[in-house]
Amino acid sequence: MQIGISTACLYPLNTEEALLCLAQQGFKGIEIFINCDMELHEPVSSEISRIIREYSLTIPAVHPVAALDSFFLFSNYERRKTQFLDACKLYFERMNEWNAPLMVFHGMKKDSDRSDELYFERYAELCALAEKYNITIAQENVAYCRSSDLDFLVKMKNELNAMFTLDLKQARRSGLSAFEILDKLGENVVHIHASDGGGEPGDCLLIGQGSFDFAGFFAKLKELNYNKSVILELYRENFDSDDDLKESVEKLVDICENL
């Protein structure tokens, strides 16, 4: 199991600058959050590649900006879907360059009138395209998306054998138990976004500032033989300094290693 961090923690710092900052702090497993398509093009994409090489980084996942999923991939207008899939090819090419095996996917907003059948059809198209590049698409549970519904995620697992990103703060915001998600999705969870939370302080906190049972959570992961990444993902207002991030990752490592 690899404990790491996301460049999203340093938003709105430019992605390549966030990557460099985290690498210089000694982090080795870093999820890259792409904030705009220009970051897939020169000169930014080459700078990302350079940093990865220079610091011998492992990139477990790439997380694209997710605002257009509903409008394009799940559109009734065929050309929009085609445009979205074509755009994903560049993502997959860059991910291959960065040795990033997994793409985090938000999906359709929950107020959309599109059917589950259309969702699954389009999701399967995206996964088939990704497979050509040896990339796995991992549906994330997101509070404002249809993926906030655990029954929907279970249906995705049963009908598509879909893979999943479990985000702890998004589970809290959806009123879901992370433990129940693991029970229902099991070995199909292949990526995790970690944060603490619960009660009055908030739902996205540094590790140790909330009430989440990380010891029990890691014990559950061990039962499932989970050997993928656990990535610290906070928002910039959730911490004060770079040392806060390092301390949170160290706490996750300690909990994992002392089971």
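Is N99 buried or exposed? Exposed, because its relative accessibility is 64%. Buried means under 20% relative accessible area, exposed over 50%, and partly exposed in between, with a 1.4 Å probe and protein chains only.

A word on the model. It is predicted: local features need pLDDT of at least 70, side-chain atom pairs count only at pLDDT 80 or more, and totals for chains, interfaces and linings use all residues. Residues are numbered from 1 along each chain as its sequence is written, and side-chain values use heavy atoms, with hydrogens and water left out.

Back to N99. Its phi is near 55 degrees, positive in a residue other than glycine. N99 sits in the loop between α4 (78-97) and β4 (102-105). Helices (H or I, at least four residues) and strands (E, at least two) are DSSP runs, numbered from the N terminus.

Next, N134. Not a glycine, yet phi is positive, about 60 degrees. The loop between α5 (116-132) and β5 (136-140) holds N134. N134 is exposed too, at 67% relative accessible area.

Now the cis peptide bonds. One runs from Y11 to P12, with omega near 15 degrees. P12 lies between β1 (2-6) and α1 (15-24), in the loop. Another joins E42 and P43, with omega about 0 degrees. Find P43 in the loop between β2 (30-34) and α2 (44-54).

Last, the lining of the largest pocket. Helix α7 (residues 168-174) gives the largest share, three residues. The lining divides into ten nonpolar, four polar and seven charged residues. Nonpolar covers Ala, Val, Leu, Ile, Met, Phe, Trp, Tyr, Cys and Pro; charged covers Asp, Glu, Lys and Arg; the others, Gly among them, are polar. A pocket is an open set of points on a 1 Å grid over the protein atoms alone, where a 1.4 Å probe fits, with protein on both sides within 12 Å along at least five of seven lines; lining residues have an atom within 4 Å of a point.
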